[in-house]
Amino acid sequence: MFTKNVGTVDKILRITIGVVLILGALLGYGTWMWIGVIPLATALLGTCPLYTVLGIGTCPLERK
């Protein structure tokens, strides 16, 4: 469906940031922290729409 453009290190960073932000939201540090769903989702899907628009890719197997 979507071209994979998120590499391994990028995925790890996105998962970490996403989880930390979501935990912050759950602990009451602010509703804006639910934005952590976006990096978590892009990491799990392996694709980032913004990377597609900008022509960026951190996945070495899919880079051309």
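Trainee: Which percentage of the contacts in the protein with a separation of 6 or more comes from residues 24 or more positions apart?

Mentor: This is a predicted model, where local features need pLDDT of at least 70 and side-chain atom pairs count only at pLDDT 80 or more, while totals for chains, interfaces and linings use all residues. Residues are numbered from 1 along each chain as its sequence is written, and side-chain values use heavy atoms, with hydrogens and water left out. Contact means heavy atoms within 4.5 Å. Of the contacts with a separation of 6 or more, the share from residues 24 or more positions apart is 62%.

Trainee: Which pattern does the protein follow along the sequence?

Mentor: Helices (H or I, at least four residues) and strands (E, at least two) are DSSP runs, numbered from the N terminus. The protein has 3 helices and 0 strands. Its C-alpha trace spans about 45 × 20 × 20 Å along the principal axes. Read along the sequence, the pattern is α-α-α.

Trainee: What percentage of the 64 residues count as buried?

Mentor: Buried means under 20% relative accessible area, exposed over 50%, and partly exposed in between (1.4 Å probe, protein chains only). Of the 64 residues, the buried share is 34%.

Trainee: How far apart are the end C-alpha atoms of helix 1?

Mentor: Helix 1 covers 8-26. The expected span is 1.5 Å times one less than the number of residues. For the 19 residues of helix 1 that gives 27 Å, and the model agrees, with the end C-alpha atoms apart by 27 Å.

Trainee: Why do the buried residues of helix 1 line one face, and within what arc do they fall?

Mentor: The buried residues are D10, R14, G18, L21, I22, G24 and A25. On the other side, T8, V9, I12, V20 and L26 are exposed. The arc is that of the directions from the helix axis to the C-beta atoms. The buried residues of helix 1 line one face because, seen down its axis, they fall within an arc of 155°.

Trainee: What covers the buried residues of helix 1?

Mentor: Look at the other helices: helix 2 is 37-45, and helix 3 is 49-54. The cover of the buried residues of helix 1 includes helix 2 and helix 3.

Trainee: Within what arc do the buried residues of helix 2 fall?

Mentor: The buried residues of helix 2 are P39, L40, T42 and A43. They line one face of the helix, since seen down its axis they fall within an arc of 165°.

Trainee: What covers that face, and which residues are exposed on the other side of helix 2?

Mentor: The cover of the buried residues of helix 2 includes helix 1 and helix 3. On the other side of helix 2, the exposed residues are I38, L44 and L45.

Trainee: Which residue just after helix 2 takes a positive phi?

Mentor: Helix 1 is followed by G28, whose phi is positive, near 90°. Just after helix 2, a positive phi of about 80° belongs to G46.

Trainee: Which residue forms a salt bridge with R14?

Mentor: A salt bridge is a side-chain nitrogen of Lys or Arg within 4 Å of a carboxyl oxygen of Asp or Glu. By this rule the count is 1. Both partners are buried and lie in helix 1, 4 residues apart, about one turn of the helix. With the closest N and O atoms 2.9 Å apart, the partner of R14 is D10.

Trainee: Is V19 buried or partly exposed?

Mentor: V19 sits in helix 1. Its relative accessible area is 36%, so V19 is partly exposed.

Trainee: Which residues is G7 in contact with, leaving aside its neighbours within four places in sequence?

Mentor: G7 lies in the segment before helix 1. G7 is buried, with a relative accessible area of 2%. Leaving aside those neighbours, the contacts of G7 are T58 and C59.
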